[in-house]
Amino acid sequence: MSATRIRREALSLDEVIQIVARPEAGAIATFLGVVRNMNDGRAVSLLEYEAYGTMAEAELQRILEELEREIPGVRVAATHRIGALHVGDVAVACAASAPHRGEAFRACRELIDRIKARLPIWKREHGPDGPYWVGWEDARCTPDHGEHEHHAHAHHAHDEKR
Amino acid sequence: MSNTVRLLAFAGARDVLGASELVFPLDAPCTAEELLHHVCSRFPALVPYRRSIRVAVNGAYAGPDEEVRSGDEVALIPPVAGG
């Protein structure tokens, strides 16, 4: 494992491409998640990302190992930025290589989906109504409401990076 | 000397607890689910969010029945929003 993958510095797509590139790979699929100017109809000027750093590194490592186990011939890499990000800044960079494009696209898609579902990273939006944690108020339920699985709300609201 | 865990809270959960880290008493070994219940009892403002909070023990997501022991690092993980 190389330098920390969760970091405050600007991300480089080239870096993750270089990690997965190899002679057997005829395809490299990449994904960049970029801060955009609107979320849920609200203007966004600044996103503050924070991570549970040690766990985020460990969970990302687990995701990378899983995918390379699940999809034969695939190699994957990703980095995630934290700190204060502005519109247009790259928040996450992913790359997947494979002998052919089908597996490369599939692995890249799985990679970003698992990162979004599992890395312990949060963002605080700063817009006209003041700061708030993305996804937190959506998570509010009536006490002992019962039927919701853990985390059931986390996926629907903010798919802003696609 | 009583048994404790190191309790970490992030994002919205940290705002509710008023601290990013605290020492939380552990009367006896318990499950991750039970620990979350104890934390909610001490911080009732967390109750409405309880079902959305996942528990991590020593840096990995814990199943509800996973055991928590004295000295563990336990984290409250609100809905994540990376990417």
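## Helix 2 and helix 3 of chain A

Helix 2 of chain A makes a right-handed crossing with helix 3 of chain A; a crossing is right-handed if the near helix is turned clockwise from the far one by less than a right angle, and left-handed if anticlockwise. This is a predicted model, in which local features need pLDDT of at least 70, side-chain atom pairs count only at pLDDT 80 or more, and totals for chains, interfaces and linings use all residues. Residues are numbered from 1 along each chain as its sequence is written, while chains are lettered from A and ligands numbered from 1 in the order in which they are written. Helices (H or I, at least four residues) and strands (E, at least two) are DSSP runs, numbered from the N terminus.

Axes are lines fitted to C-alpha atoms, for helices over the stretch in contact, and angles run from 0 to 180 degrees between N-to-C directions.

On the helix 2 side, the contact involves Glu59(A), Ile63(A) and Leu67(A). Their counterparts in helix 3 of chain A are Ala107(A), Glu110(A), Leu111(A), Arg114(A), Ile115(A) and Arg118(A). Two residues are in contact if their C-beta atoms, placed from the backbone, lie within 7 Å. The residues of this helix contact comprise five nonpolar, no polar and four charged. The nonpolar class is Ala, Val, Leu, Ile, Met, Phe, Trp, Tyr, Cys and Pro, the charged class is Asp, Glu, Lys and Arg, and the others, Gly among them, count as polar.

## Chain A overall

Chain A has three helices and ten strands. Their order along the sequence is β-α-β-β-β-β-α-β-β-β-α-β-β.

Chain A has 162 residues, of which 36% count as buried. A residue is buried if 20 or more other C-beta atoms lie within 10 Å of its own, exposed if 12 or fewer, and partly exposed in between, with C-beta atoms placed from the backbone. Among the contacts in chain A with a separation of 6 or more, 73% are between residues 24 or more positions apart.

## The four-stranded sheet of chain A

Four strands of chain A form an open sheet in the order 7-5-9-10, with antiparallel pairing. Its edge strands are strand 7 (83-86) and strand 10, each of which pairs on one side only. Neighbouring strands are turned against each other by 25 degrees on average, direction ignored. Two strands pair if DSSP finds at least two bridges between them.

Strand 5 (residues 46-51) and strand 7 of chain A are joined by four bridges, with Leu85(A) in strand 7 as the bridge partner of Leu47(A). Strand 5 and strand 9 of chain A pair over six bridges; here Tyr49(A) is opposite Lys123(A) in strand 9. Four bridges link strand 9 to strand 10 (residues 130-133) of chain A, and Arg124(A) is opposite Trp133(A) in strand 10. Strand 9 and strand 10 of chain A form a hairpin with two residues between them.

## The side of chain A that touches chain B

In the interface, 34 residues of chain A are in contact with 21 residues of chain B. The elements of chain A that give two or more residues to this side are helix 2, strand 8 (90-98), helix 3 and strand 9 (121-127). Helix 3 of chain A gives the most, with four residues. This side of chain A divides into 18 nonpolar, ten polar and six charged residues.

## The sheet of chain B

Chain B has an open sheet of five strands in the order 2-1-7-4-5, with mixed pairing. Strand 2 (21-25) and strand 5 (60-61) of chain B are at the edges with a single partner strand each, so one side of each is left without a neighbour in the sheet. Strand 4 (residues 54-57) and strand 5 of chain B run antiparallel and are joined by two bridges, with Ala56(B) opposite Tyr61(B) in strand 5. Helix 2 (residues 32-42) of chain B packs on the sheet and touches strand 1 (4-9), strand 2, strand 4 and strand 7 (73-77) of chain B. The direction of this helix makes about 115 degrees with that of strand 4 of chain B.

## Positive phi in chain B

Most residues other than glycine have a negative phi. Ala11(B) has a positive phi, near 50 degrees, and lies in helix 1 (residues 11-17) of chain B. Ala11(B) is buried, with 25 other C-beta atoms within 10 Å.

Phi of Asn58(B) is also positive, near 50 degrees. Asn58(B) is in the loop between strand 4 and strand 5 of chain B and counts as partly exposed, with 16 C-beta neighbours inside 10 Å.
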